[in-house]
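Keep the viewer open as you read.

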Amino acid sequence: MADNDLGGFLRARREALRPEDVGLVPGGRRRTPGLRREEVAMLANLSVDYYERLERSKGSHPSEALLANLARALRLTVDERDYLYRLAGYPPPARPAHGGYVDPSMMFLLDALTTVPAHVIDDLTNVQAQNPLSRALIGSWAEMEGRDANVTWRWFTEPGSRALNTPEEHEEIGRGYAADLRAATARLGSDRTAQRLVDDLLDASAEFARYWQDMRVQPLRSTPKVLLHPRAGRLEVQCDVVLSTTTGHRLVIFRPQPGSSTAESFDFLRVLGQQAFND
């Protein structure tokens, strides 16, 4: 298809959205309907100039990873996402797919969660999207590339990724990630990305290899955890997991335990995050 079809489709979807549809504050009056180009560029984590060239069909050819970011930013349905890929000359991703796309209903829930940390992970535990409190709690994982955004990989290969969790919970958390990955490989069948992740983890971590031998098969589920944040202190949470039947992605919500002071600590984290953003 012609480049102007791609630019026209991006523009049409941008103009169909309101700021509140994507978790942004509407602000003052707008001369034109929909989101501004700079807002889409911010949501998709790319430069405004590059996005403007895409809409104006100035010869830029987006990668598949960038298309996934655009699909998420514009809250495209699965069919709209597939259409976007075809316009750019790529075959649509398989369904369900582990990748940057997050379906609009999941993004709506994420945007609506303003008082608790929450993020979206795919079936291989790659962090796909985060709300501001999640970034304040664990850092900006969704903006990282490759294995740096994978929760399971970093748990077993980077000791620093466990810093928030109490040592008493490390074994059960690790066993949980191994069991979740085994469940994912069963769902995905002969998926090369999933098998490569398993093989690399077996090579990199004797701990993972030990848990993998248990043959435990269990997707991540709601579980209580104690987090130790360097500035917010002790956080007693229930990690709830909400499944998207469209993509297989999971929305992970850090819900304060009743009777704890965690809700007040989240308020403190929110202020810290806003200060960091303003700086």
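The paragraphs below go from the whole chain down to the strands.

Please bear in mind that this is a predicted model. Its secondary structure comes to twelve helices and five strands. The radius of gyration of the protein is 20 Å, close to the 19 Å that the globule rule gives for 279 residues, so the protein is as compact as a globular protein of that length.

Next, consider the surface and the interior. Of the 279 residues, 47% are buried, with under 20% relative accessible area as the cut-off. The protein exposes about 14100 Å², and 51% of that area is supplied by carbon and sulfur atoms. As for contacts between residues at least 6 apart in sequence, 55% of them join residues at least 24 apart.

Now turn to the strands. They form an open sheet of five, in the order β2-β1-β5-β4-β3, with antiparallel pairing. At the edges stand β2 (127–130) and β3 (223–229); each has a single partner strand, so one side of each is left without a neighbour in the sheet. From one strand to the next, the twist averages 30°.

Which strand is joined to β1 by four bridges? It is β5: residues 118–121 of β1 and residues 250–256 of β5 run antiparallel, with four bridges between the two strands. To find this pairing in your viewer, look for Ile121, whose bridge partner in β5 is Arg250.

Note on methods. Residues are numbered from 1 along each chain as its sequence is written. This is a predicted model: local features need pLDDT of at least 70, side-chain atom pairs count only at pLDDT 80 or more; totals for chains, interfaces and linings use all residues. Side-chain values use heavy atoms; hydrogens and water are left out. Two strands pair if DSSP finds at least two bridges between them. Axes are lines fitted to C-alpha atoms, for helices over the stretch in contact, and angles run from 0 to 180 degrees between N-to-C directions. The radius of gyration is taken over C-alpha atoms; the globule rule is 2.2 Å times the number of residues to the power 0.38. Buried means under 20% relative accessible area, exposed over 50%, partly exposed in between (1.4 Å probe, protein chains only). Contact means heavy atoms within 4.5 Å. Accessible areas come from the Shrake-Rupley method with a 1.4 Å probe; for residues, only the protein chains shown count as cover.
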